[in-house]
Amino acid sequence: MQVMVEHSGGGSGKVADSLATAIHEHRLSPGMKLNEDEVGEIYGVSRTVVRAALQQLAHERLVELKRNRGAFVAQPSVREAREVFEARALLEPRTARSAAERAKATDIKVLQKHIDAEHAALHAGDTGRALHLSGMFHIEMARIADQTTIADFIAQLVSRSSLIIALYWQRRTALCESHAHDALIKALGRNDPDAAEELMKHHLVDLLTSLDLRDQPSVAKSLKDALK
């Protein structure tokens, strides 16, 4: 992959966006080192651009910058994993209720597109992309709820959840087995806030129980292969 984006702040933004997508789609594993020279070679940019991109991702807590060691994909602890899902359990059921109260036909169509793309990714065997789309579904629901501040919090929590699932997910079939998003769409389509709130509670519990919250080793993988 060669992306010539050398001379602007937008250049580092494009690199940061591409790396973030690779992290969310689990092509870059938690704990993986992001060598500045190698990243620069892959994208066709300078170390200055790469460094700015990594700083942006560190601000978003997707990357950890370790003194004298370099940049690494963030590796959430077991404690953080529990805290993230506890926070989601506090915020998202109420957000689902608000979304159900406000949802319009156009909103349902957008959510359905997310589900269709998620199912297509699963069918193609691309579990990482399916999980990324699943997270985007939750963010889109927060947008429908028209709660900007809470939507920002949920977006951050979903981002952390992606790393947590990459590390701790023990039940790979859980995504295929779950029809929670389909049920949520139906509740929103009926403008049924009680059902939407209850469904979201159960969905988040199911996600948490699919995690093996013990310390896990990261999986080594070529940076160049991951970013192709």
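**Entry 1: helix α3.** I began with α3, which runs over residues 47-59, and found that its 13 residues reach 18 Å from the first C-alpha to the last, close to the 18 Å expected at 1.5 Å a residue. I note here that I am reading a predicted model.

I then looked up which residues of α3 are buried, and they are Val49, Val50, Ala53, Leu54 and Leu57. These five lie on the same side of α3, because they cover an arc of only 135° around the axis. I reminded myself that an α-helix has 3.6 residues a turn, so residues three or four places apart point the same way. On the other side of α3, I found Thr48 and His59 to be exposed. Just after the helix, I came to Arg61, which takes a positive phi of about 65°.

**Entry 2: the nonpolar cores.** Next I turned to the largest nonpolar core, which has 33 residues, and I listed those that touch the most other members: Leu111, Phe137, Met141, Ile164, Tyr168, Leu188 and Leu211. At least two residues of this core come from each of α4 (78-102), α5 (105-123), α6 (127-144), α7 (148-168), α9 (180-189) and α10 (193-209). I saw that α4 gives the largest share, seven residues. Apart from this core lies another, of 27 residues, and I noted Ala20, Ala22, Ala226 and Leu227 among them.

**Entry 3: α4 against α10.** How do the axes of α4 and α10 cross, and within what distance do they come? I found that they come within 7 Å and cross at roughly 155°, which means that α4 is roughly antiparallel to α10. I also recorded that the crossing of α4 and α10 is right-handed.

Technical notes:
Residues numbered from 1 in each chain as written. Predicted model: local features only at pLDDT ≥ 70, side-chain atom pairs only at ≥ 80, totals over all residues. Heavy atoms only, no water. Helix = DSSP H or I, 4+ residues; strand = E, 2+ residues; numbered from the N terminus. Expected span 1.5 Å × (residues − 1). Buried < 20%, exposed > 50% of the residue type's maximum accessible area, 1.4 Å probe, protein only. Arc of directions from axis to C-beta. Core = buried A, V, L, I, M, F, W, Y, C linked by side-chain atoms within 4.5 Å. Axes fitted to C-alpha atoms, helices over the stretch in contact; angles between N-to-C directions. Parallel < 35°, antiparallel > 145°, perpendicular 65-115°, else oblique. Left-handed = near helix turned anticlockwise from the far one by under 90°.
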